[in-house]
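Keep the structure open while you read.

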Amino acid sequence: MRVGVLTGGGDCPGLNAVIRAVVRKGVQEHDWTVTGFRDGWRGAVEGDTVPLDVRAVRGILPRGGTVLGSSRTDPFAAPDGVRRIRDNLAKHGTDALIAIGGRGTLGIAARLHAEHGLPVVGVPKTIDNDLSATDWTFGFDTAVGIATEAIDRLHTTADSHRRVLVVEVMGRHTGWIALHAGLAGGANVILVPEQRFDLDQVCAWVASRFQATYAPILVVAEGARPRDGGPARGSVGAWLAAEIERRTGKEARTTVLGHVQRGGSPSAFDRWLATRFGLHAVDAVRQEAYGTMVALRGTEVVRVPLTDATGRMKTVDPGRYAEAGVFFG
């Protein structure tokens with residue numbers, strides 16, 4: 001059997017662990033031939049491939065990013081994109097395809113299976129942890145760890161200079177990174193896209209923190225917005241720091257973590273989860289469970305329809321966010 005693998009969308013730690021697991025199990029246990037498609041769906045559309053054997057995946061477990069490259073190519077954006085994928089799978093004798101990605105990549109996989117019958121199995125990847133069909137996605141734990149370490153380091157400089165420090169983390173639509181890293185790092189305010197914030201209340205929390213002789217740390221997801229409007233473009237963290245300084249008279253600075261959150265070596269949890277996902281994706285292909293995605297439920301890896309995986313975004317619910325409010329101010 002010949003199986004293709006691709007990684008699409010934004011890179012994140014753990015992608016190489018999935019690739020390694022697919023190759024090791026597919027080749028060693030089932031004598032499959034595994035082919036990598038470069039740069040996500042672009043490689044599938046253009047037929048850009050690389051052979052993957054056991055030697056090719058040695059040493060990649062602790063590496064960040066993806067050895068196959070990634071892109072946000074959408075084959076449905078081109079009039080002949082799907083036809084070219086079908087032709088290239090036939091040309092390379094590819095019997096099934098394992099697509100590793102987030103909502104965009106897996107949404108394409110779902111359409112390719114549902115509308116065109118292509119044999120696709122999905123593996124969930126996103127540092128935002130916003131796929132509703134799985135408890136966790138790999139890449140998230142690493143991103144939270146990086147953000148938490150940054151917050152830990154900023155506490156000392158905030159206290160040394162008696163400054164307000166605003167830490168902007170990734171999360172355009174969901175605040176999972178902000179919530180987890182903010183709680184783990186002892187932030188005094190956490191702002192997420194799911195809950196519009198009151199700027200007057202934020203400034204009151206800042207003032208309260210200074211009265212307790214500590215300098216405040218604010219963690220804000222990039223998609224967070226105030227109730228009465230706010231920045232249409234640019235960094236919400238920089239805007240927030242400027243507003244706090246103007247309203248409270250306290251010096252404020254911003255640290256935007258940006259892409260550093262999804263770079264570097266994956267955490268032990270993300271290596272474990274990504275490896276299990278890869279192993280179970282091989283089982284799904286072997287059993288011809290196409291149109292499904294592997295997912296973590298509790299400690300078990302299960303299969304769910306790709307359409308369920310991409311149909312609804314998993315957001316921070318009010319109850320979870322309210323838990324953090326104990327530590328505000």
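A search of the whole structure finds 17 salt bridges. A salt bridge here is a side-chain nitrogen of Lys or Arg within 4 Å of a carboxyl oxygen of Asp or Glu. Side chains of opposite charge can pair when their charged atoms come close.

This is a predicted model: local features need pLDDT of at least 70, side-chain atom pairs count only at pLDDT 80 or more, and totals for chains, interfaces and linings use all residues. Residues are numbered from 1 along each chain as its sequence is written, and side-chain values use heavy atoms, with hydrogens and water left out.

**Asp-11 and Arg-262**

- The side chains of Asp-11 and Arg-262 form a salt bridge, at 3.1 Å from N to O.
- Asp-11 sits in the loop between β1 (2–7) and α1 (15–30), and Arg-262 in the loop between β9 (252–256) and α9 (268–286), so the pair ties together parts that are 251 residues apart in sequence.
- Helices (H or I, at least four residues) and strands (E, at least two) are DSSP runs, numbered from the N terminus.
- Arg-262 is buried, at 16% relative accessible area, while Asp-11 is partly exposed, at 29%.
- Buried means under 20% relative accessible area, exposed over 50%, and partly exposed in between (1.4 Å probe, protein chains only).

**Lys-25 and Asp-283**

- A salt bridge joins the side chains of Lys-25 and Asp-283, with N to O at 2.9 Å.
- Lys-25 belongs to helix α1 and Asp-283 to helix α9, so this pair ties together parts that are 258 residues apart in sequence.
- Lys-25 counts as buried because its relative accessibility is 16%.

**Glu-245 and Arg-253**

- Glu-245 and Arg-253 meet through their side chains in a salt bridge of 3.8 Å, N to O.
- Glu-245 is partly exposed, with a relative accessible area of 35%.
- Arg-253 also counts as partly exposed, at 36% relative accessibility.

**A salt-bridge network**

- Salt bridges link Arg-38, Asp-39, Arg-42, Glu-46 and Asp-48 in a network.

**Leu-165**

- Leu-165 lies in strand β6, which spans residues 164–169.
- Leu-165 counts as buried because its relative accessibility is 6%.
- Beyond neighbours within four places in sequence, Leu-165 is in contact with Leu-154, Thr-157, Ala-158, Pro-216, Ile-217, Leu-218 and Arg-253.
- Contact means heavy atoms within 4.5 Å.
- Leu-154 is 11 residues from Leu-165 in sequence and 7.4 Å from Leu-165 in space, C-alpha to C-alpha.
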